[in-house]
Every structure is written in structure tokens, then in C-alpha cells.
Amino acid sequence: DHMYGEAVKKISFINTLNGGDYIMSSDSHSLKIYDRHNLKMFTSIEPIEPINDFCVYPNSGLIFFANESPNSGIYFVPSLGSAPKFCSYLDNLTEEMEEVYSNQIYDDYKFVTRHELDELGLSNLIGTEALRAYMHGFFIDIRLYKKAKSAHNPMSYKEYKQNTVKQKIQEERSERLKLIKLPDVNKELAEQLLNRKLQITGADVKNPTGDKR
């Protein structure tokens, strides 16, 4: 299962000249190559056109695809073996590319599992270009992930708890710092009543709480 919800069309076992032992499997979306001993994925190839079949040129890293297109798909994986003699220039070409390009880091993608996709309501994207199957999950554009996360759960319980505690502290602080404000109407009467209350409680205007500390 390549996590696309489609059946695997072909499985092949290959041994390379450098001692590699791999399992190759394909569905209509991708070809995945696994290490036969630890079952870790070695690499994955996703042609634009759907895959019907594939084959590896003997003792090389050249892979041919039978696609839903007029031309066959051809991919070269140097780690599987050198190029055949009829296209030996591929070896020099890949060496030049290694000197120019560095490994691509997926900073703009987020890895999610099938369970996370179900929670976010994005399981309908499986099999589309919005998701790239990898190992036991998928890579998704980080912008799409954040948008779905915000729509699904705009405020997590942790954030809600933090905001609630913060609001409670602010309310208590404002109560402690609350000043006595006299009304604009009957201001003199209100002042007399306030002074009478302060005399009864033993507090003064500077210390309306009556706290002697």
C-alpha cells in the first residue's frame, strides 16, 4: 500500500553490483524502492503520467516506465548502479549536478499521518497532488496545513486555558488597582457619604481599604 488508496501493480526484487538488495513496488502514482533487509524506503519516483508497468535495465540504475503517455518514462538512479554504455554520459551529468545542487530540504512542508489527515478533514486529498506519500504518512504544504489547523481547531485547549488564566489575573489586578471615582451628579453628597463610610470602617481616603500594613 503506497498510501494512495490504490492496489500495488507490480513488485520486483533487484540486486545491485555494489551489494544493494532492494524491493521495488509501484501503483499508478509512484514507484517506491525499499531496502530488503530493514524495509526502509530508499527512494521514490512519481512520474506525471499514471504508471502501468516498469522495468530496470540489467546491472544499472536506469528505470523504464510504461506510462499513460505517447513516450515512455525514463529515470536514472545513480545509487542503484551506473548508466548503460549506450547512455554513459548520464554518469558525468549526475556528477556535475551533485557539484551544483545541494540536497533539497522540505522547509515548506509538514509531515502528517493518516490519522492527522482524518482529524483535519483532509483525507479527501489522498491521491491528489496536494499530498506526497512518504513512509507511514504524507508531506503537505505547510500553508495548507496551518489553514486547515486553524479552521478545524482555532483555539486549542491549552491556548484556551492560558488565555483564561491570563484574563483572570488581569481582572484581579484591575480590581486591586481600581480607584474610587465620585459621580458627576451630587458630587458633594457622594463625598459626604464616602467620608462617613470611611469613618465607620476606620479607613482614610489615602487608604480606603483600611489596611494598616
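Among contacts between residues at least 6 apart in sequence, what percentage join residues at least 24 apart? In this predicted model, the figure for the protein is 34%.

**Whole chain.** Start with everything shown as cartoon. The protein has 213 residues, and 27% of them count as buried. Its secondary structure comprises five helices and 10 strands.

**Stop one: the segment before β1.** Select Val8. This residue lies in the segment that precedes β1 (10-15). Is Val8 buried or exposed, or something in between? Val8 counts as partly exposed because its relative accessibility is 32%, and the partly exposed class runs between under 20% for buried and over 50% for exposed. Together, Val8, Ile11 and Phe13 make a nonpolar surface patch of about 280 Å².

**Stop two: a three-stranded sheet.** Next, select β5, β6 and β7. These three strands form an open sheet, ordered β5-β6-β7, with antiparallel pairing. Which strands sit at the edges? They are β5 (51-56) and β7 (73-76), each of which pairs on one side only. Look along the sheet to see the twist, which averages 20° from one strand to the next.

**Stop three: the β6-β7 pairing.** Strand β6 covers residues 62-67, and four bridges join it to β7 in an antiparallel arrangement. Finish by showing the side chains of Phe64 and Ile74. Phe64 stands opposite Ile74, a residue of β7.

Technical notes
Residues numbered from 1 in each chain as written. Predicted model: local features only at pLDDT ≥ 70, side-chain atom pairs only at ≥ 80, totals over all residues. Heavy atoms only, no water. Patch = residues over 30% accessible without salt bridge, like charges linked within 9 Å, V, L, I, M, F, W, Y side chains within 5 Å. Areas by Shrake-Rupley, 256 points an atom, 1.4 Å probe, with all protein chains shown as cover. Salt bridge = Lys/Arg side-chain N within 4 Å of Asp/Glu carboxyl O. Helix = DSSP H or I, 4+ residues; strand = E, 2+ residues; numbered from the N terminus. Buried < 20%, exposed > 50% of the residue type's maximum accessible area, 1.4 Å probe, protein only. Pairing = 2+ DSSP bridges. Axes fitted to C-alpha atoms, helices over the stretch in contact; angles between N-to-C directions. Contact = heavy atoms within 4.5 Å.
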